[in-house]
Amino acid sequence: MTDIVERLRGIYCAPITDGLGAAGGDEPDNPHEFVRKFETPPIQHEAADEIEHLRKDKQLGLELMDVFIKEINRLKHMIAQYKLYDDGPYLDDNGNNLDGN
């Protein structure tokens, strides 16, 4: 099936599952899909471009989030190792004890 971006651009694809293959359409070389293209107004192309842009931004955000999560886990591990070998008090920037001791 066609996703929304392709449909906004006027491209409609339908899988052919009857075993007989394509009978016309704009891509007769693909025997498993029927494609039809229609003219669409410019605003639909703008909407399709915006959706693609948002998808890329979302993917970048997810990748950055993965990097941050890995770095946080690495730092947690380092802190845990530090606490194992250090028996001094853990103080914040104001000198308050973070250990609860």
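Colleague: Why does Arg-7 count as partly exposed?

Modeller: The model is predicted, and the value is computed from it. Arg-7 has a relative accessibility of 33%. Buried means under 20% and exposed means over 50%, with partly exposed in between. The 33% of Arg-7 falls in between, so Arg-7 counts as partly exposed.

Colleague: Where is Arg-7 found, and which residues does Arg-7 touch?

Modeller: Arg-7 belongs to helix α1. Leaving aside residues up to four places away in sequence, Arg-7 touches Thr-2, Tyr-12 and Gln-44. The C-alpha atom of Arg-7 is separated by 9.2 Å from that of Phe-38, which is 31 residues apart along the chain.

Colleague: How many aromatic pairs does a search of the whole structure find?

Modeller: The search finds one aromatic pair.

Colleague: What makes the pair of Tyr-12 and Phe-38 edge-to-face?

Modeller: The ring centres of Tyr-12 and Phe-38 are 5.8 Å apart, and their planes are at 75°. Centres must lie within 6.5 Å to pair, and planes over 60 degrees apart count as edge-to-face. Both values meet their cut-offs, so the pair is edge-to-face. It links distant parts of the chain: Tyr-12 in strand β1 and Phe-38 in the loop between β2 and α2, 26 residues apart.

Colleague: Why do Arg-55 and Asp-3 count as partly exposed?

Modeller: Arg-55 has 41% relative accessibility, and Asp-3 has 29%.

Colleague: What makes Asp-49 and Arg-9 a salt bridge?

Modeller: Their closest N and O atoms are 2.4 Å apart. That is within 4 Å, so the pair of Asp-49 and Arg-9 qualifies. The pair links distant parts of the chain, with Asp-49 in helix α2 and Arg-9 in the loop between α1 and β1, 40 residues apart.

Colleague: How do you know that Glu-52 forms a salt bridge with Arg-9?

Modeller: The closest N and O atoms of Glu-52 and Arg-9 are 3.2 Å apart. The limit is 4 Å, so this pair of Glu-52 and Arg-9 also counts. Glu-52 lies in helix α2, 43 residues apart from Arg-9.

Colleague: Which residues are linked in a network of salt bridges?

Modeller: Arg-9, Asp-49 and Glu-52 are. Their relative accessible areas are 23% for Arg-9, 42% for Asp-49 and 31% for Glu-52. Each is between the 20% and 50% cut-offs, so Arg-9, Asp-49 and Glu-52 count as partly exposed.

Colleague: What joins the side chains of Thr-40 and His-45?

Modeller: A polar contact of 2.7 Å. Thr-40 sits in the loop between β2 (33-37) and α2. Beyond four places in sequence, Thr-40 touches Leu-8, Arg-9, Gly-10 and His-45.

Colleague: Which residues form a nonpolar patch on the surface?

Modeller: Leu-60, Leu-64, Val-67, Phe-68 and Ile-72 form the patch. Together they have about 480 Å² of accessible area.

Colleague: Why is Leu-64 called partly exposed?

Modeller: Leu-64 has a relative accessible area of 42%. That is between 20% and 50%, so Leu-64 is partly exposed. A patch residue needs over 30%, so the 42% of Leu-64 passes that cut-off. Leu-64 lies in helix α2, residues 42-85.

Colleague: How many helices and strands does the secondary structure of the protein come to?

Modeller: Two helices and two strands. From the N terminus on, they run α-β-β-α.

Colleague: What percentage of the 101 residues count as buried?

Modeller: The buried share is 11%. The protein exposes about 8,400 Å², with carbon and sulfur atoms supplying 58% of it.

Methods:
Residues numbered from 1 in each chain as written. Predicted model: local features only at pLDDT ≥ 70, side-chain atom pairs only at ≥ 80, totals over all residues. Heavy atoms only, no water. Patch = residues over 30% accessible without salt bridge, like charges linked within 9 Å, V, L, I, M, F, W, Y side chains within 5 Å. Areas by Shrake-Rupley, 256 points an atom, 1.4 Å probe, with all protein chains shown as cover. Salt bridge = Lys/Arg side-chain N within 4 Å of Asp/Glu carboxyl O. Helix = DSSP H or I, 4+ residues; strand = E, 2+ residues; numbered from the N terminus. Buried < 20%, exposed > 50% of the residue type's maximum accessible area, 1.4 Å probe, protein only. Polar contact = N/O pair within 3.5 Å; in protein donor to acceptor, adjacent residues only side chain to side chain. Contact = heavy atoms within 4.5 Å. Phe/Tyr/Trp six-rings, centres within 6.5 Å; stacked < 30°, edge-to-face > 60°.
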